Amino acid sequence: MKLSEGVEAAIHCTALLAQLEEGKTMPASALAEYHGLSQSYLLKHLKALAGAGILESVPGPHGGYRLARLPEQITLLDVVLAIEGPKPAFRCAEIRQRGPGALEPAAYVKPCGINAAMLRAERAYRSVLGETRLCDVLADYRNDADPRSIAFSCAFVERNQRPQG
């Protein structure tokens, strides 16, 4: 299973926005700069996160993005679904019913065993993502990251957050 790069960018952006002081925002340009991404690419994902109620988009000269919910209320599954959509990653096309050895459709009464296995794997992966909150990821980062990375992140957020008003 391969998730798009947008999922990684979205999770990292939500993690960075979780560091904002209350009532402040960060512009998309700063988020793109921090992650080394083009702003136009990132905007598509930020809009999807806002549409899913994970981020809030604040217009105006002091506008930008901020979390719409507390990090305790955002799961990694929320972010993945906002970017990738709700459909399973594996989509069975019933190729067993094609080709020279295919039988009539009535011969395939059981669901495809491959599809069933892939959907079980999807449920397991979604379960883990649904149990993993943004606050958990942030706590792990604070515990395990190089102090220089944490210092850079904090300084970047301080420089680039915008007051609301």
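I am working on a predicted model.

**Entry 1: α2 against α3**

I looked up the packing of α2 on α3 first. The angle is about 115 degrees, and the axes lie 9 Å apart. I therefore log α2 and α3 as roughly perpendicular to each other. I noted the hand of the crossing as well: α2 and α3 cross right-handed. Which residues make the contact? From α2 I listed Ala28, Ser29, Leu31 and Ala32. From α3 I listed Gln39, Leu42, Leu43 and Leu46. I then sorted this contact by class: six residues are nonpolar, two are polar and none is charged.

**Entry 2: α2 against α7**

Next I turned to the packing of α2, residues 28-35, on α7, residues 147-160. Here I read an angle of about 160 degrees, with the axes 11 Å apart. For this pair I need another cut-off: over 145 degrees counts as roughly antiparallel. The crossing of α2 past α7 is right-handed. On the α2 side I found Ala30, Glu33 and Tyr34. They meet Phe152, Ser153, Phe156 and Asn160 of α7. My class tally for the α2 contact with α7 is four nonpolar, two polar and one charged.

**Entry 3: spacing along a helix**

I kept one general point beside these lists. An α-helix has 3.6 residues a turn, so residues three or four places apart point the same way.

**Entry 4: helix α4**

I then checked burial in α4, which spans residues 76-84. Which residues of α4 are buried? I recorded Leu76, Leu77, Val79, Val80, Ala82 and Ile83. I stepped just past the end of α4 and found Gly85 with a positive phi of about 90 degrees.

I finished with the strands. β2 covers residues 55-58, and β3 covers residues 64-67. How many bridges join β2 and β3? I noted four, in the antiparallel sense. Within the pairing, I found Val58 opposite Gly64 of β3. The two strands form a hairpin, with five residues between them. In the turn I marked Gly60, whose phi is positive at about 105 degrees.

Note on methods:
Residues are numbered from 1 along each chain as its sequence is written. This is a predicted model: local features need pLDDT of at least 70, side-chain atom pairs count only at pLDDT 80 or more; totals for chains, interfaces and linings use all residues. Side-chain values use heavy atoms; hydrogens and water are left out. Axes are lines fitted to C-alpha atoms, for helices over the stretch in contact, and angles run from 0 to 180 degrees between N-to-C directions. A crossing is left-handed if the near helix is turned anticlockwise from the far one by less than a right angle, and right-handed if clockwise. Contact means heavy atoms within 4.5 Å. Ala, Val, Leu, Ile, Met, Phe, Trp, Tyr, Cys and Pro count as nonpolar, Asp, Glu, Lys and Arg as charged, and the others, Gly among them, as polar. Two strands pair if DSSP finds at least two bridges between them. Buried means under 20% relative accessible area, exposed over 50%, partly exposed in between (1.4 Å probe, protein chains only). Angles under 35 degrees count as roughly parallel, over 145 as roughly antiparallel, 65 to 115 as roughly perpendicular and the rest as oblique.
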